[in-house]
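Please walk me through this structure.

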Amino acid sequence: TKMALTVATNTGALMAQAAASSVNKDMELSMERLSTGKRINGASDDAAGVAIASRLTSEIRGTNQAIRNAMDGQAMIDTAEGAQDEVVTLLQRMRELAVQSANDTNSTADRTSIASEITSLTAEIDRIANTTSWAGQMLLDGATPDATVTTDNDAASFVFQIGSGVTAADELSVSINSIGSTALGIAGSGNFPDALTDITDATEAAANGSVLTATQADGKLTFAAGTAVVGDEYDVKINGTTVSIVVAADGFTLDENGVAAQMEAAINTQNIAGVSVSRAAGVLTLNVGGGVSVTNSSNAQVSISTIDSAISTINTQRASLGAISNRLDSTVSNLTNVSSNLQAGRGRIEDADFAAETTSLAKSQILQQASTAMLAQANASKQNVLSLLQG
């Protein structure tokens with residue numbers, strides 16, 4: 001095959017130019033990877049790899065946060081258990097005093113002094129129950145998380161997010177019971193902290209006429225005579241638990257007796273720890289179980305059993321929280337291992353191989369110099385055409 005001698009199209013120069021451009025691109029890619037330490041710096045580098053690496057990053061960051069969550073949860077649990085330990089110490093002292101009072105060598109004045117200390121210890125137990133908190137979250141008052149501070153509710157459930165996903169296995173629910181005197185059965189009397197309040201809006205009240213009211217004294221709510229209307233709404237708070245009713249005609253009259261009956265049923269349905277109510281006509285009486293009395297030997301003996309029950313209740317709670325705290329140790333260890341392996345997996349996908357990239361860079365630099373030299377040679381090769389033009 002014969003090749004024409006031309007100057008308009010320098011095929012050699014074009015090929016050398018294309019090679020130089022390709023080599024420059026490879027060299028720039030190697031430089032980018034070596035400077036960032038990443039094999040994938042954009043989706044074009046590895047379309048599938050960038051998606052996998054992104055998913056792994058989500059898991060890694062979520063897992064690392066779950067580790068911190070578990071450690072925070074453990075700190076919260078340990079705080080609650082520490083307060084429970086102190087309450088047990090107070091109960092042990094109360095039991096000691098009850099045993100002392102059971103002995104008839106004590107006079108009435110002696111037992112009065114003993115009762116005074118027991119009252120003070122009971123008040124301190126309630127104070128601990130109502131003030132123990134972790135980062136502003138009340139722990140031992142039986143309130144649900146972020147709720148208004150309450151006293152002697154049933155157990156409050158705290159949910160710890162100990163995984164990076166959204167399944168039930170990624171959550172740990174922990175119940176922390178109230179340790180107030182009512183919940184422990186060592187409170188001897190009770191009262192309604194807040195009087196019954198009609199919270200019907202003004203428009204409805206005006207349209208339906210007068211509504212019932214109630215007064216409280218000595219643990220009783222006494223409903224005043226009047227006429228309730230269907231839809232009237234009432235709240236009453238008992239040891240921190242707010243109970244609401246909307247007056248209904250089903251089975252009840254709408255006078256004070258009927259509303260008292262509805263409220264009684266609503267309160268008893270709540271199963272507030274250590275609390276129940278009884279009704280006589282339009283009067284509700286708050287009943288608080290247990291109590292510690294050392295006025296005589298017989299009462300002191302009963303109080304010993306009451307305190308023993310309270311100690312057993314708290315020890316059961318402590319054992320449960322201790323077991324969960326130990327469980328969270330294992331949770332943190334496992335999550336730490338998971339996080340390490342996830343990071344290793346992501347690194348294998350997106351981290352640059354410096355040995356390979358430096359070799360590629362050296363190769364590209366040599367080829368760049370060679371292609372540049374060949375481009376110069378290709379351009380110079382056409383100079384012999386001038387000899388044909390000289391006469």
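**Around L91**

Leaving aside residues up to four places away in sequence, L91 touches I125, L184, I186, I307, A310, I311 and I314. Contact here means heavy atoms within 4.5 Å. The model is predicted, so local features need pLDDT of at least 70 and side-chain atom pairs count only at pLDDT 80 or more, while totals for chains, interfaces and linings use all residues. Residues are numbered from 1 along each chain as its sequence is written, and side-chain values use heavy atoms, with hydrogens and water left out.

L91 belongs to the largest nonpolar core, which has 45 residues. Within this core, L91 and M94 touch the most other members. A nonpolar core is a set of buried Ala, Val, Leu, Ile, Met, Phe, Trp, Tyr and Cys residues joined through side-chain atoms within 4.5 Å. Buried means under 20% relative accessible area, exposed over 50%, and partly exposed in between (1.4 Å probe, protein chains only). At least two residues of the core come from each of helix 2, helix 3 (108–131), strand 3 (156–161), strand 4 (171–176) and helix 7. Helix 2 gives the largest share, 14 residues. A second, separate core has 17 residues, among them V236, A260, I267 and L286. Helices (H or I, at least four residues) and strands (E, at least two) are DSSP runs, numbered from the N terminus.

Now the helix pairs. Helix 2 (residues 47–101) and helix 7 (residues 297–350) have axes that come within 7 Å and cross at roughly 165 degrees. That makes helix 2 roughly antiparallel to helix 7, a term for angles over 145 degrees. Axes are lines fitted to C-alpha atoms, for helices over the stretch in contact, and angles run from 0 to 180 degrees between N-to-C directions. The residues of this contact divide into 30 nonpolar, 19 polar and 10 charged.

How do helix 2 and helix 3 cross, and at what angle? Their axes come within 10 Å and cross at roughly 165 degrees. Helix 2 is therefore roughly antiparallel to helix 3. Residues in helix 2 including L90, L91 and M94 meet residues in helix 3 including I118, L121 and I125. This contact divides into 11 nonpolar, 3 polar and 5 charged residues.

A135 lies between strand 1 (133–134) and strand 2 (137–138). A135 has a positive phi of about 55 degrees, although it is not a glycine. Most residues other than glycine have a negative phi. A135 is exposed, with a relative accessible area of 72%.

Notes: Angles under 35 degrees count as roughly parallel, over 145 as roughly antiparallel, 65 to 115 as roughly perpendicular and the rest as oblique. Ala, Val, Leu, Ile, Met, Phe, Trp, Tyr, Cys and Pro count as nonpolar, Asp, Glu, Lys and Arg as charged, and the others, Gly among them, as polar.
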